[in-house]
Amino acid sequence: MLLALSSDQELFRETTAKLLDELVPVGELRRLREDADGFGTGYWRRGADLGWTSLLVGEHHGGGSISGAGLVDLALVAYEFGRHAAPGPLAVTNIVAATLDEAGGDRFDGVIKELLSGEAVATWGLAEAPPNDGLDSVLLDVRVEGDEVVLNGVKRPVESGGRADYLLVSGRTGSGLSQVLVPARTAGVSVSPMHSVDVTRRFSVVAFDDVRVPLDLVVGEPGAAAGQVELQAGRAVAIGCAEAVGAMQTAFDLTVEWAFDRYSFGRPLASYQELKHRFADMLSWLEASHAVSDAATAALASGSADAAELLSVAKAFIGDYGGELMQDCVQMHGGIGVTFEHDLHLYLRRHTLNRAIYGTPAEHRARLADIVEEQEGLA
Amino acid sequence: MSSTGTEDLEAFRRRARDFARANLGPASARTAAGALRNDRTDEEELAEVAREREVQRMLFDAGLAGICLPTEYGGQGLTLAHQRALNEELAGYEFPTRFQAPTLSPCAAVLLDFGTEEQKRRHIPAILKGEELWMQFLSEPSGGSDVAGALTSAVRDGDEWVLNGSKIWTTGAWWSDWGLCLARTNWDVPKHRGLTVFIFPIRQEGIDVHRIEMLNGSKEFCQEFMTDVRVPDSDRVGDVDDGWTVGTRWMFHERMLTNSPLVTVPVGFGHGGTGVSSLVAIGARDAGRLSEPVVRDLVGEARMLDIADRELRHRVGQGIATGVMVDQSAALTRLFSGVTATRIRTIGFEVVGTAGAAWTDEDGQLAHSADDYLMRQVSQIGGGTTEMARNVVSERVLGMPRERSLDRDVPFRDVPRGRPSSRS
């Protein structure tokens, strides 16, 4: 998280943290383990009232940011979501709202309003069945037929697919990409739940079998959505990284506290040099994760030329080094660290989830190699 | 100039850009490598030093030296934002790297913190004009990390001090001008309480500079032998026997290194930027292996680490400057930089394949990867080992219990010292 927040940002972050403390303490997360949606409508509306879903939307559509850079503000919410392992489709709802605001014209005003109030939830379908679950392999067919579009294909994993009222679907039209906002109850859409590593985040397989919707549900122009899809993926990475860093922060704080409180051979764990040195390494990874996450978010928010590079650095670094940090926190706890009873796994799960979606560390390292090759003129 | 007297950032940036275009040559690939390499003659090195003095003087004359240093000592009295703008505008150009660390930080930084008015007025402008290159006379052969255990002695003789002993791991002492030296002035008190800091010219009778050959043939590092070196009391920095107060700040500035607001580092330079990971990619290209997926994964990792290192420096620099982080957090960047640099060197060696073992003069970037690999641990040793940094982070940042030491509350002369190595 950013080192220097404005007083408005700090108030917003703190209000979010308090609401999460109140509504989704760890006991509630454990209860939601058995809940089909993983979050309650009342909870989501309370957050929407605070502004969780409005930050990427322009003022003329009822949105608005705290600082002028909505993505930076949203990253503060995401960070607190990570710190609390909080439920709810934060990234996807915001991404869809932003795209409808930017590329949808005025015909989606009603949908945007529903999303901003928390009355409705939207999700985004990008990835497809393995091996087409990478960032750059969209195959779902979007065909224009007169004043309709026809969708055929399968999206997975789709976050909150079983709960969402609207599905923003990225598909292929000829050699270009298209995006269509499909109401969840459209004929031909079938949703089946998947297993997920997270306690409260739910994912689905969503199949589109000759799904027909009016042409005006295409967001932007058919075949011309590649730039918007890339922007959405960048936002997903930024939000996911901020959340992952929040989860790392809580795990690290819990483990430092444990090291002071836990005694072996008559002395606290924190007095053993071997462990102290590992804590030092972990803190360097944690602070570097904060640093790359914030840099990537700021670069994307301001449209900086190095945004793509910083986003891939953040995703790859936080995935790899954050994973090592989380597992070392487990190791420091010993046996209790691998039980369901201990809270540590709630944060380990959230980090693990975010590591694997929107590009694995390896995929982002491959993107970085492309960028280096291009920059150095080695291609 | 705006009405507040601080130069407008954009005007400053234009001024820096115009200066660089008109006066500076391109950065050499060697500068970008930032590694200790044995790839030039003494004559070439001295020519580089002379050119850097010249460029430093040009920067001074153009009002581009000492951006964050006070104007009364020849600096510009501007902000960190101006320094960052200069770093950006100098990207890709030659710049006086030898004047940055250790000359400006930690040496000039220590003078600013603890020097007398006379010392500051004499030396800071001279440094900014390219007239004085400084070295740290800090580590000793008897122990690298335990700097407070210094054995170099200073004995008072009227208005002077007489110094005897040996210092080691000074980069380029053979072409440097002044030394900042930690010496023992009291052997009857615990080790941290009997130290004093002095400054003196390096080229003088009584100081014998010996060049150490590193395992790759580089002779950048030196050891100095001091025999009855006389230093006037006016060249003492800080109070007598209070050298550890100075030393603590000294080491803070050392850990800040290129992250210090006093230091100019063009964006992309060495491991302060993305220079090293670019060299990894160029090495892979020269070896014809850049298209291999495994190699691309490693190239991506190198770039990831380079940028993570840079962003961590920004964060910690900002954290310390704003008081959100304690000063000792500088050890975080020292630790992270050291560890990531060794990893990037290993990657650089891996991606060139067999050429890492045997190469020809025509092999381009391949030629250096083995040497860089052999010297890889330097980044975790020089400037305080990463083990020491881990102690600082865990004890001073996280507040964990300190390591037991046997020298804390006994007179220094009674501290057990071990046997001198039979090989040294």
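**Domain and chain contacts in a two-chain model**

In chain A, twelve residues of domain 2 are in contact with 13 residues of domain 3. The model is predicted. Strand β5 (residues 176–183) of chain A gives the largest share of the domain 2 side of this contact, three residues. Between the chains, 32 residues of chain A are in contact with 35 residues of chain B.

**Domains of chain A**

- Chain A is divided into domain 1 (7–120), domain 2 (123–217) and domain 3 (226–375).
- The centres of domain 2 and domain 3 of chain A, taken over C-alpha atoms, are separated by 29 Å.
- On the side of domain 2 of chain A that touches domain 3 of chain A, six residues are nonpolar, four are polar and two are charged.

**Domains of chain B**

- Chain B is assigned domain 1 (9–98 + 112–132), domain 2 (135–251) and domain 3 (268–397).
- For domain 2 and domain 3 of chain B, the separation of the centres over C-alpha atoms is 30 Å.
- In chain B, six residues of domain 2 are in contact with seven residues of domain 3.
- The domain 2 side of this contact in chain B has four nonpolar residues, two polar and no charged ones.

**Contact between chains A and B**

- With 32 residues of chain A in contact with 35 of chain B, the elements giving two or more residues to the chain A side are α8 (273–302), α9 (307–333) and α11 (361–375) of chain A.
- α8(A) supplies the largest share of that side, 13 residues.
- By class, the side of chain A that touches chain B has 22 nonpolar, five polar and five charged residues.

Definitions and conventions
Residues are numbered from 1 along each chain as its sequence is written. Chains are lettered from A and ligands numbered from 1 in the order in which they are written. This is a predicted model: local features need pLDDT of at least 70, side-chain atom pairs count only at pLDDT 80 or more; totals for chains, interfaces and linings use all residues. Domain bounds come from an automatic or database domain assignment. Ala, Val, Leu, Ile, Met, Phe, Trp, Tyr, Cys and Pro count as nonpolar, Asp, Glu, Lys and Arg as charged, and the others, Gly among them, as polar. Helices (H or I, at least four residues) and strands (E, at least two) are DSSP runs, numbered from the N terminus.
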